[in-house]
Amino acid sequence: MEITLKVRRQDPQSGVEPAQQTYQVDVPPNSTVFDALAQVREDQDGSLAFRGSCSRGFCGDCVMRANGRLTLMCLLRVDRIVRDGAIAVEPAPYAKPVRDVQIDNQQFLWDKYRSVQPWLRTNGAAPQDVTEEAMAEVRKTMRCTMCGLCDFGCTVIDVDTSFLGPAALTKVYRFLVDPRDTATKERLQEMGEPKGMWDCVHCWEASEHCPYGIDPTHRIMDMRDLAMREGVKSGTQNPMVGRHMDSFENSVSESGWLD
Ligand code: SF4
Ligand code: FES
């Protein structure tokens with residue numbers, strides 16, 4: 001199958017402005033956009049920069065846009081996305097471009113993950129056995145490859161890139177439901193601060209974008225439910241969230257209606 005690849009080339013460090021470069025490739029119809037890019041780099045232009053390691057949807061590194069579709073390029077077949085014989089390949093949005101379609105996720109993704117302390121917090125509690133049953137909820141999120149697609153598709157991040165985002169919030173949820181983690185209230189309080197779980201507008205784009213069915217929007221809703229059950233309505237810098245809930249509760253308990 002002959003395809004024209006139109007790839008965004010750029011090199012901000014050397015001052016090379018973004019421009020489109022075209023390449024002709026001949027690939028089997030069931031090959032992926034990642035395969036086509038790899039063929040260009042192998043046979044035509046070794047300077048083409050893009051990221052991706054596994055070619056199997058595991059490493060989460062090859063997020064780009066192909067004809068406007070934001071996804072993992074190694075899971076996207078060329079015959080499913082080609083339009084008029086061409087595929088335009090652009091970098092994922094928001095993150096800092098490094099070169100061509102390769103981006104730097106440090107600020108956009110990794111710093112946010114680190115900020116939520118994605119490790120077991122046990123406050124010195126002795127290790128305990130866990131049952132298979134108790135780990136069932138944890139397993140819902142364990143397949144997350146940290147590809148960041150949920151953040152790239154998030155409509156809140158679209159207007160405010162400092163929002164913690166569904167990827168990091170989903171990671172917090174993974175520890176909230178882990179029976180070995182004892183920092184439940186602290187974590188909920190931290191996530192109740194501005195830019196945390198209450199900033200999600202539940203547009204469901206995060207769930208639409210997740211290639212593994214982890215359903216990050218639902219995980220954020222579950223976290224909010226847990227906060228209600230634990231009586232942690234909001235963070236210390238976010239008292240209006242608690243007041244908002246109290247006024248709803250008062251209205252319903254006084255009149256039966258939400259006024
Ligand atoms: S929740 Fe899904 S979309 Fe978000 S980082 Fe994990 S695997 Fe990627
Ligand atoms: S190359 Fe690893 S997920 Fe695409």
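Colleague: How many aromatic pairs does the structure hold?

Modeller: The structure, which is a predicted model, holds 4 aromatic pairs. A pair of aromatic rings is described by the distance of the centres and the angle of the planes. In the case of Phe34 and Phe50, the centres are 5.7 Å apart and the planes stand at 85°, an edge-to-face arrangement.

Colleague: Where in the chain do Phe34 and Phe50 lie?

Modeller: Phe34 belongs to helix H1 (residues 33-43), whereas Phe50 is in the loop between H1 and strand S3 (63-66), so the pair ties together parts that are 16 residues apart in sequence. Both Phe34 and Phe50 are buried.

Colleague: How should I read the rings of Tyr94 and Phe108, as stacked or edge-to-face?

Modeller: Their centres are 5.8 Å apart and their planes meet at 25°, so the pair of Tyr94 and Phe108 is stacked, given that planes under 30 degrees apart count as such. This pair links distant parts of the chain, with Tyr94 in the loop between strand S5 (86-91) and strand S6 (96-99) and Phe108 in helix H3 (residues 106-115), 14 residues apart. Tyr94, Phe108 and Phe152 form one aromatic cluster.

Colleague: Which residues touch the most other members of the largest nonpolar core?

Modeller: In soluble globular proteins, nonpolar side chains tend to be buried together. Here the largest nonpolar core has 66 residues, and those that touch the most other members are Leu5, Val33, Leu37, Ile87 and Met223. Helix H6 (residues 165-176) gives the most to this core, contributing 6 residues. If neighbours within four places in sequence are left aside, the contacts of Val33 include Ala66, Met73, Leu76 and Val78, together with Ile81, Ile87 and Val89.

Colleague: How many disulfides does the structure hold?

Modeller: A disulfide is a covalent bond between the sulfur atoms of two cysteines. The structure holds 0 disulfides. As for individual cysteines, Cys54 counts as partly exposed at 25% relative accessibility, and Cys144 counts as partly exposed at 25%.

Terms used
Residues numbered from 1 in each chain as written. Chains lettered and ligands numbered in written order. Predicted model: local features only at pLDDT ≥ 70, side-chain atom pairs only at ≥ 80, totals over all residues. Heavy atoms only, no water. Disulfide = S-S within 2.5 Å. Buried < 20%, exposed > 50% of the residue type's maximum accessible area, 1.4 Å probe, protein only. Phe/Tyr/Trp six-rings, centres within 6.5 Å; stacked < 30°, edge-to-face > 60°. Helix = DSSP H or I, 4+ residues; strand = E, 2+ residues; numbered from the N terminus. Core = buried A, V, L, I, M, F, W, Y, C linked by side-chain atoms within 4.5 Å. Contact = heavy atoms within 4.5 Å.
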